[in-house]
Amino acid sequence: MCGIVGYIGNKDCADVLVDGLEKLEYRGYDSAGIAVFEKGLIKTVKTKGKLEVMKNKLISQGKPQGHCGIGHTRWASHGEPSDINSHPHSNGRVCIVHNGIIENYTELKEFLMSKGYIFISQTDSEVVASFIDYYYSDSNPFNAIKNAIQELTGSFALGIIFNNYPNRIYAVRKESPLIVGKGEDEAFIASDIPAILRYTKEYYLLENEEIALLEGGDIKIFDIHGDIIEKPLQIAKWDVSSAQKNGFPHFMLKEIHEQPEAIVKTISPRIKNGMPDFSEINLTDKMLSNYSKIHIVACGTAMYAGIVGKYAIEKLARIPVSVEVASEFRYNNPIVCENDLVIIISQSGETADTIAAMRLAKEKGADIVAIVNVQYSTISREADMSLQTWAGPEIAVASTKCYTVQLCMLYLLAFRFAFAKKLLSEDECKALTSTLSSTPKLIEKMLSSKENVQYIASKLINAEHIFFLGRGLDYALSLEGSLKLKEISYIHSEAYAAGELKHGTISLIEKGIPIISIFTQQNIISKTISNIEEVKARGADVIAVVSDNIKLPEGLADFIIKLPSTSDILMPIPAVVALQLLAYYTSVLKGIDADKPRNLAKSVTIE
Ligand code: M6R
């Protein structure tokens, strides 16, 4: 979860570290800190709170002056957010920043205490610093790191400096992501690409237990035995502006607006002669027509995209699809057979539970297709077939544009599945693909009426509970709308299949409770209307999110958000934009930082 950075070069190190941490703050914002060599000594500044607090401390205390250092932004796992628990952590001659969880830290701590080490924090990371120091007896940094990491269980990405090497940074990782950026006479380490984009697009991917040494502008990468590894230099395809707000008050609003472009970039490479085309990843029609079961496995918003995918694939291709939460799937001995296809969905490609679920499904012999936004991420590298979404970096904690591009990829798969199974003719498949290609225009239209959504959000800010209701695809969409709203507005919200309410939940409905009801599916509209009449009769305030080709009974809704309509199956695309805006404005009107809601982190790299 946490974000780590490191810099060595001619620039002002503290500035580069803070700039990098700003781009990584989405990974956690419980505390922040940097450690920089100043005149040969390690000077550390760290504090509880968001990066802004640390920046103020740098102004009041004075910024460490130097050209080599490491930095950290924290999502607290072991030990509360506090100054003491903030990174960097030092013990003896070693100072580290750490992302991950050390599972055997208690026994290591006891061992180190028996050797005379003293601990001041409650973190597992301080134990790692001490353990490396313990092995530093022969003053060989490589050996110290190598020996220490071989006894660590859990996950880690580490930036390490040694007090007698003021011109070096070491880096190593296991299961937590870490890249090494290569600039002109300078080098970087970072948890993710946006942290270095302003300075370089060239980077190396560090694999598990490889140890990088950054010295001056030089980068050497060793395997665990100390042999140098020649690695290919990767080139980031994202541009600098994608990691900046560009005039928007929040990344979330910027990312909502980026959806039309993200869709075009994502689907264009997958459409050939008007047809969805997966030949590039060797996913043939023969394979598609042979799968007997599909499992979609993901977490959070990516999983909710999967639920829309299930509706689309089952409706068009008539293949049974199960959608499973990765953290449950991995421990439930899932029934996955060799003839099954497992679709893994992840924005980051680094979600710990999703990675574990993917590996399990692979072990069971299923084919794995991953839909993933971060290039060269663990999921994208380990899947049998990887479908890249091109949303660019998503920095706001609440996922928006990545959900939409995940939907698009799932639609293309559903169309091609149906074609391969001869349930759609080529013309029908092309027609659906062409309609999908026109959805960016619908999003533009939706965005042009955002003031109405903002006004309706102002009616929600005092609510304690909100319900989202819909049937079929509208229910699938309700799940995502409800997650988005509660995640960033802190209003308790639940999504229900509209027909399910009478089986218990309707007892919660009372006067003034807001009900957000989705009406985009013509075939079941009359049923949803009846359900909404039932909550209206009990005093609920109804906000209808409705396709502009659907007419609701007079007086049913207190407020209406009109959606530009398209084929019913694709309606989640314009509709989710309305729900994203509703969540965003509710959050902002409540004075919450929509980009960084409390307790959350963007990339959940621990289970
Ligand atoms: O990177 P991933 O797509 O694997 O992340 C999955 C979830 O953690 C993520 O979608 C989360 O639910 C978002 N905060 C939702 O807005």
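This is a predicted model: local features need pLDDT of at least 70, side-chain atom pairs count only at pLDDT 80 or more; totals for chains, interfaces and linings use all residues.
The protein chain is divided into three parts: domain 1 spans 3–243, domain 2 spans 245–437 and domain 3 spans 440–593. Between the C-alpha centres of domain 1 and domain 3 the separation is 44 Å.

Helix packing is taken up next. Two packed helices are described by the angle between their axes and the distance between the axes. Helix H9 (300–317) packs with helix H13 (residues 401–420) at an angle of about 20 degrees, and their axes are 9 Å apart. Angles under 35 degrees count as roughly parallel, and H9 and H13 are therefore roughly parallel to each other. The crossing of H9 past H13 is right-handed. On the H9 side, the contact involves Thr301, Ala302, Tyr304, Ala305, Gly306, Val308, Gly309, Ala312, Ile313, Leu316 and Ala317. These meet Tyr403, Gln406, Leu407, Leu410, Tyr411, Ala414, Phe415, Phe417 and Ala418 in H13. By class, 16 residues of the contact of H9 with H13 are nonpolar and 4 are polar. No charged residues take part in the contact of H9 with H13.

H9 also packs with helix H17 (residues 473–489). Here the angle is about 170 degrees, and the axes of H9 and H17 are 9 Å apart. That makes H9 roughly antiparallel to H17. From H9 come Gly300, Thr301, Tyr304, Ile307, Val308 and Tyr311. Their partners in H17 are Leu473, Tyr475, Ala476, Leu479, Glu480, Leu483 and Lys484. The contact of H9 with H17 divides into 9 nonpolar, 2 polar and 2 charged residues.

Another pair of helices is H16 (residues 450–458) and H19 (residues 572–589). Their axes come within 8 Å and cross at roughly 50 degrees. That makes H16 oblique to H19. H16 passes H19 in a right-handed crossing. H16 supplies Lys450, Val453, Gln454, Ile456, Ala457 and Ser458 to the contact. H19 supplies Ala578, Leu581, Leu582, Tyr585, Thr586 and Leu589. Sorted by class, the contact of H16 with H19 has 8 nonpolar residues, 3 polar and 1 charged.

Aromatic rings form a further set of contacts. With ring centres within 6.5 Å as the rule, the count comes to 13 aromatic pairs. Phe131 and Tyr134 both belong to helix H4 (residues 124–134). Being 3 residues apart there, Phe131 and Tyr134 are separated by about one helical turn.

Two backbone features remain. Most residues other than glycine have a negative phi, and most peptide bonds are trans. His87 and Pro88 are joined by a cis peptide bond, with omega about 0 degrees. Pro88 sits in the loop between strand S4 (68–74) and strand S5 (89–91). Arg318 has a positive phi, near 55 degrees, and is a residue other than glycine. The loop that holds Arg318 runs between helix H9 (300–317) and strand S18 (321–325).

Definitions and conventions
Residues are numbered from 1 along each chain as its sequence is written. Side-chain values use heavy atoms; hydrogens and water are left out. Domain bounds come from an automatic or database domain assignment. Axes are lines fitted to C-alpha atoms, for helices over the stretch in contact, and angles run from 0 to 180 degrees between N-to-C directions. Helices (H or I, at least four residues) and strands (E, at least two) are DSSP runs, numbered from the N terminus. Angles under 35 degrees count as roughly parallel, over 145 as roughly antiparallel, 65 to 115 as roughly perpendicular and the rest as oblique. A crossing is left-handed if the near helix is turned anticlockwise from the far one by less than a right angle, and right-handed if clockwise. Contact means heavy atoms within 4.5 Å. Ala, Val, Leu, Ile, Met, Phe, Trp, Tyr, Cys and Pro count as nonpolar, Asp, Glu, Lys and Arg as charged, and the others, Gly among them, as polar. Rings of Phe, Tyr and Trp (its six-membered ring) pair if their centres lie within 6.5 Å; planes under 30 degrees apart count as stacked, over 60 as edge-to-face and the rest as tilted.
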